[in-house]
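User: I am new to this structure and would like to go through it in short questions. Please give the cut-offs as the terms come up.

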Amino acid sequence: MSTLDLANHGPVIPVIVINKVEDAVPMAEALLAGGVKVLEVTLRSPVALQAMEQIAKHVPDAILGSGTVRNLKDAQASKDVGCQFAVSPGYTSELGQFARKIGLPLLPGVSTGSEIMMANADDYYFLKLFPAVAVGGINLLKGFAGPFADVKFCPTGGVSVESAPQFLALPNVVVCGGTWLTPNDAVERKDWAHITKLAKEASAIVAAK
């Protein structure tokens, strides 16, 4: 699988923090019920790897990825629990080459032209712009379109259900990352129906004309 294939499954990849292992499977099932198949579970909680393992085992239809992968240990652990891809907040050549060596497709994070060039040097041309809105959002992506015409992006960080259509209208954006699909309060209440509703809304997003 190429990470670019992830964009074929819908306009938004949810960026998920799971704080309780028991929430992992029902949350994943709720997202799938709303048409969201690609799930990025971040390594931002102590139970993240356990949660990923549960999803990999019990929700086989999910395309499971690990987020906030910062080093080789993170990448190996993600592969070991059954993740099909990884997402990093930044890029190092060491991480990019290691991910390829262990057969873990990587979506590297970048925010500058120099980082894009470093990722390109290792043959990565589908990149996550992060934190998208904070570093310049739509205007920055328009600026990158000229010198990096062969690079596609997944903007993540500050993107909302309202702004996603504007991002997706850019020719160099193929999918967006979104944290809004699994709000903490809904997860705390175990309101999986609400998460399914948000997933349906996200699945229905189309690029602004």
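User: Which elements do the buried residues of helix 10 pack against?

Analyst: This is a predicted model, in which local features need pLDDT of at least 70 and side-chain atom pairs count only at pLDDT 80 or more, while totals for chains, interfaces and linings use all residues. Residues are numbered from 1 along each chain as its sequence is written, and side-chain values use heavy atoms, with hydrogens and water left out. Helices (H or I, at least four residues) and strands (E, at least two) are DSSP runs numbered from the N terminus, and contact means heavy atoms within 4.5 Å. By these terms, the buried residues of helix 10 pack against strand 1 (12-16), helix 1 (21-33) and helix 9 (184-188).

User: Which residues of helix 10 are buried, and what arc do they cover around the axis?

Analyst: Buried means under 20% relative accessible area, exposed over 50% and partly exposed in between, with a 1.4 Å probe and protein chains only. In helix 10 the buried residues are Trp-192, Ile-195, Thr-196, Leu-198, Ala-199 and Ala-202. They lie on the same side of helix 10, because the arc they cover around the axis (taken from the directions from the helix axis to the C-beta atoms) is only 160°.

User: How far apart are the end C-alpha atoms of helix 10?

Analyst: The expected span of a helix is 1.5 Å times one less than its number of residues. Helix 10 has twelve residues (192-203), so it should span 16 Å. The model agrees with this, as the end C-alpha atoms are apart by 16 Å.

User: Which residues do salt bridges that share partners join into one network?

Analyst: Arg-189 forms a salt bridge with Asp-185, with the closest N and O atoms 3.7 Å apart. Arg-189 also forms one with Asp-191, at 3.2 Å. The network is Asp-185, Arg-189 and Asp-191.

User: What is the strand order in the open sheet of six strands?

Analyst: Two strands pair if DSSP finds at least two bridges between them. Strand 1 and strand 2 (residues 38-42) have two bridges, in the parallel sense. The edge strands, each pairing on one side only, are strand 5 (106-107) and strand 9 (176-178). The pairing in this sheet is parallel, and the order is 5-4-3-2-1-9.

User: Is Asn-172 buried or exposed?

Analyst: Asn-172 is in the loop between helix 8 and strand 9. Leaving aside residues up to four places away in sequence, Asn-172 touches Leu-141, Ala-145, Val-151, Lys-152 and Phe-153. Its relative accessibility is 6%, so Asn-172 counts as buried.

Conventions
Salt bridge = Lys/Arg side-chain N within 4 Å of Asp/Glu carboxyl O.
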